Structure formats: structure tokens, C-alpha cells
Number of protein chains: 2
Amino acid sequence: MTDPLDTTSDRRPGGRTARIRAQVLDAVRAELAERGHEGLTVEGVATRAGVHRATVYRRWRDVGGLLVDVIAAAGEIDWQPPDTGSLRGDLTALNQEIQESLVLRPSFAVALMAASFHSEQAARAQTQLWTDRYTQCEILVERAIERGELPAQHTDARSLLIAATAPLYHQLVLLRSDPDPHLPERAAQAAVLAAAAGAFSVRREEGRERGDGQ
Amino acid sequence: MTDPLDTTSDRRPGGRTARIRAQVLDAVRAELAERGHEGLTVEGVATRAGVHRATVYRRWRDVGGLLVDVIAAAGEIDWQPPDTGSLRGDLTALNQEIQESLVLRPSFAVALMAASFHSEQAARAQTQLWTDRYTQCEILVERAIERGELPAQHTDARSLLIAATAPLYHQLVLLRSDPDPHLPERAAQAAVLAAAAGAFSVRREEGRERGDGQ
DNA sequence: ATATTAACGCGACAGTTGTCGCTCTAGGTC
DNA sequence: GACCTAGAGCGACAACTGTCGCGTTAATAT
């Protein structure tokens, strides 16, 4: 099981290998910043990194692989969901973060989405990323229940979170409308109201049969 | 103003031009069905249509342009929003349509999204398509208000519609989860509950300043 | 019918993308 | 210090992509 594409395996983690990786990932970030995600090309990255094309193709396979590794390297480990003291506040803060990440130039999130249509690797990384984030955010809902902000019966945290955040992506990515400073709060508020009305409550037996995701 | 890319201009609409267009668009649909959106290439379309590459490049510029024209040709004129007698029913039906269009193989909707990351032309066509659809759907909300299903104060129809439909795209396109037969109804119901609680009501002066949307 | 010309066919072309076999370098091991 | 070998460099290569100029066809105008 010596996967030549596993960039985290440490078969020979020493100086050069790590140095090349750093150079290449730096180059990816720089190219992304300069040319945007549609101008991101293996050739460009390799040249900027001062590395031969074949090296990049061997280790990362394609542009999607590069983005995956950039995301992986970008920490992603120490992210914590907001904690403002209220569900509405938490969701609003979360949405503001999302809006920022989508509006930011360059947007890694948008680049990853674009790549995921062409690279299976990128697609998997993306669903993994989202799944993890949503799992981490379930605590927001649990805290809200403890505070009594939501009805005591079980609430499907995932559905609630998606309802709160989906409009952001819809507006900014699909509809490409200008960012609306009120949208994060409005979307959060709508989800909270729906939840309070029991929109995401789930009956004992039938609700959770596909909860493990993908 | 003789735009060589305006496929609807009728400078010489006679037999051959129209025939070539039909051949090419048929080929696009066939290629899409066989190879999916990532296998859709100008070369492949031209070959299958029995037409020279240069012809396709001249008239449609790129894959995005082809998709745009397919969409344009696919009617889109006679679509009508559902009318089931209740807001919840209407939104559920709408969501079911959306889910179907996203799950269908090949999915023109997904192909268009993918193309819109690379082709400015496709991107514009996409936002135009969505904007039109949402505008058409505003009548659902108006009818609901007349029926007394929503509070009498003005409701921002667009926001409500987006809240109802966005989770579908989020789940199926971004999260790539398996289609959930209950999701269309759940998402619709959540939006209705939020609306009933006043989540999308808008104050007189501050709500509509960006309503015309690009 | 005949003239006009928009639009297609054709082939050549440069630029890009991705692969492969080989050599060489330098990280790790003894 | 001397070896081993994972992994980078290198250049050749085929396949693909998009553009261009020119000749031809056929839709329209007269």
C-alpha cells in the first residue's frame, strides 16, 4: 500500500521532499491570488515553484490535488465553531465567516468547488471538509437545547445547520449576487424560527436512518 | 453590431445554418448523456455532429456557449411554477422538481454549474436562468398571502424562495449526499414555518433597496 | 437566372497538457 | 564515510485545444 499520491506519508520526509512541497503549495497560493481559480494551472505552479512539471504531476496528479493539499496544509485542524451565547448569534457568526470566505479574493472555497467538478480527488476532499465542519457545528444546536432555546424534543442538528447556511452559498455562488451584509443574520434568524416551530424535530424511529452522511 | 456569437440573430437563418445548429445541439445532448458534463468537449461534439471544429468554435466559442444554447433551445419558455393550493404544497412540488433535475443523469443543471466556473457566458446564462425562475415563483408567495397562509405584512418572496430551495442544492451539489426523498418536503416546510413566524417580513423602508438583483 | 456574401469545410499551425523512461541528487542507513 | 534508493530533474513525446487564412457552398437579393 505505497500510494504515491499520499502526500502525508513519510516514507522519506526529510529536507528536500518537505521543501519541495512547501515551495509548491506556496506557489499554488500565490497563483491563486494572482490569477484566480480559473487561471490556476499545473504548469504555472511548477514554474513559479521552480520545480519541474513532472514532479507536480507525480505527487499531486492535477490541480484538484494541489488544492486539496493546500486545504489540508492550511491547518483546518484548529477551527472552532463560534460561541456567542445564543443560537441565533452563533449561526449569524458562522454565516458571516462563510460569507467572508466566499467573498474574499481569492476564495479557496470557490476554487475548491470549481475543482471538484473536474477532479474526483477534490470532490471527495470537499465533501469531507463540509461534513467535518457540520459535525463540529452540531454542538451549537446541543448548547441551544440545553439553554432551552429549542423545543426539548430531538432536533436534527444537521438539517438545521444546512438550512441556516445554504442560502449563503446559493446567493453568492449560484446566483452570484452582490454580498448582502444583512443576509448572514437573516438566514440565521429564519433557521432559528423554523427550528423553534419544530421544523427540524425528528420522530424517534424514522429520522436517523441515513445520518452517517454520504 | 454584428455579433458573430449571437446564435439567435437571423442574418441568414435559412436551411443550412439552422440545420447545423440542430445537429450540434443534438450532439451536445448526446455527448452529455454518454460522457457526462466533464467529458463534454468541443472536439467530441463537432465530430459527432459531423461538423468541423472551427465551425463550433466560431459560433459557440466554448463548451459553456454550447450549454447555454442547449438550455435556451430547451424551451424554458413554457415553464410554470406549481399550483397545488397551499404554499407548503407548492414549495414541496418545486423542490421535487429541483431534486429530480439535479439527480437526473445527465443533469443539465449540474453541467451548467460546472461550466459556469469556466465560461463567463455560461455564468451569465445561469444567473439569468435562476433569476427568471425565482421571479416567476414569486406568485406562489403572493397567492399564499391572499389565502391568509402568511402574515399580512409584506414578505420578501425572494428570500423565502431561496430559503426553501437552497438546501436542495447544498445537499446534492456541494455535499454530494444521496438524494433524500423527504428532503423536498422538509425544506419546504421549514421555510413555511419560518415565514409564518415572520422571518422574511420586511420593514417599509429598509428592506428592498437591492431587490432588482444585478 | 445571376450576383452577392454569410457561413461552413479544410488543413496548417502554435500553444498547452499530461506521460514516460532515463539520469542524477540527496536523505536516510549502516 | 560509503552505500542505497526515494524522489527530483530532464527532455522527448503524443494528444488535445484553439486560431487563422483561404477556398467552397448555398441562402438570399435582384
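Against which helices of chain B do the buried residues of α4(B) pack? In this predicted model, the partners are α1 (15-35), α2 (42-49), α3 (53-60), α6 and α7 (120-147) of chain B. Helix α4 itself spans residues 63-73 of chain B and is mostly covered. Eight of its eleven residues are buried. They are Gly64(B), Gly65(B), Leu66(B), Leu67(B), Val68(B), Asp69(B), Val70(B) and Ile71(B).

The overall make-up was examined in chain A. This chain has nine helices and zero strands. Read from the N terminus, its elements follow the order α-α-α-α-α-α-α-α-α. Chain A holds 214 residues, and 45% of them count as buried. Among contacts in chain A with a separation of 6 or more, 68% join residues 24 or more positions apart.

The two chains were then compared. Chain B is superposed on chain A by a rotation of 180°, with 0.0 Å of shift along the axis. The RMSD of this superposition is 0.1 Å. The two copies are therefore related as by a two-fold rotation axis. Both copies use the same surface, since 100% of the contact residues of chain B recur in chain A. Within chain B, the residue that comes closest to the rotation axis is Ala194(B), with its C-alpha at 2.2 Å.

The largest cavity holds about 140 Å³ of space. Its lining consists of 17 residues. Closest to the centre are Val173(A), Leu174(A), Met113(B), Val173(B) and Leu174(B). Three helices each supply at least two residues of this lining: α8 (157-174) of chain A, and α6 (108-116) and α8 (157-174) of chain B. By type, the lining residues comprise twelve nonpolar, four polar and one charged.

Gln96(B) and Gln99(B) both belong to α5 of chain B. Is Gln99(B) buried or exposed? Its relative accessibility is 10%, so Gln99(B) counts as buried, because buried means under 20%. Neighbours within four places in sequence aside, Gln99(B) is in contact with Leu168(B), Leu172(B), Pro179(B), Asp180(B), Pro181(B) and Pro184(B). Gln96(B) has a relative accessibility of 42% and counts as partly exposed. Gln96(B) and Glu185(B) are 89 residues apart along the chain, yet their C-alpha atoms are separated by 8.0 Å.

Ser107(B) sits in the loop between α5 and α6 of chain B. With a relative accessible area of 9%, Ser107(B) is buried. Which residues does Ser107(B) touch, not counting those up to four places away in sequence? They are Ser101(B) and Leu102(B). A polar atom of the Ser107(B) side chain also lies 3.0 Å from the backbone nitrogen of Val110(B).

Terms used:
Residues are numbered from 1 along each chain as its sequence is written. Chains are lettered from A and ligands numbered from 1 in the order in which they are written. This is a predicted model: local features need pLDDT of at least 70, side-chain atom pairs count only at pLDDT 80 or more; totals for chains, interfaces and linings use all residues. Side-chain values use heavy atoms; hydrogens and water are left out. On a 1 Å grid over the protein atoms alone, a cavity is a set of points where a 1.4 Å probe fits but cannot get out, and a pocket is an open set with protein on both sides within 12 Å along at least five of seven lines; lining residues have an atom within 4 Å of a point. Grid points are joined across faces, edges and corners, and a volume is the space filled by probe spheres set on the points. Helices (H or I, at least four residues) and strands (E, at least two) are DSSP runs, numbered from the N terminus. Ala, Val, Leu, Ile, Met, Phe, Trp, Tyr, Cys and Pro count as nonpolar, Asp, Glu, Lys and Arg as charged, and the others, Gly among them, as polar. Buried means under 20% relative accessible area, exposed over 50%, partly exposed in between (1.4 Å probe, protein chains only). A polar contact is a pair of N or O atoms within 3.5 Å; within protein, one must be able to donate a hydrogen and the other to accept it, and residues adjacent in sequence count only if both atoms are side-chain atoms. Contact means heavy atoms within 4.5 Å. Copies are superposed by least squares on the C-alpha atoms of residues with pLDDT of at least 70 in both.
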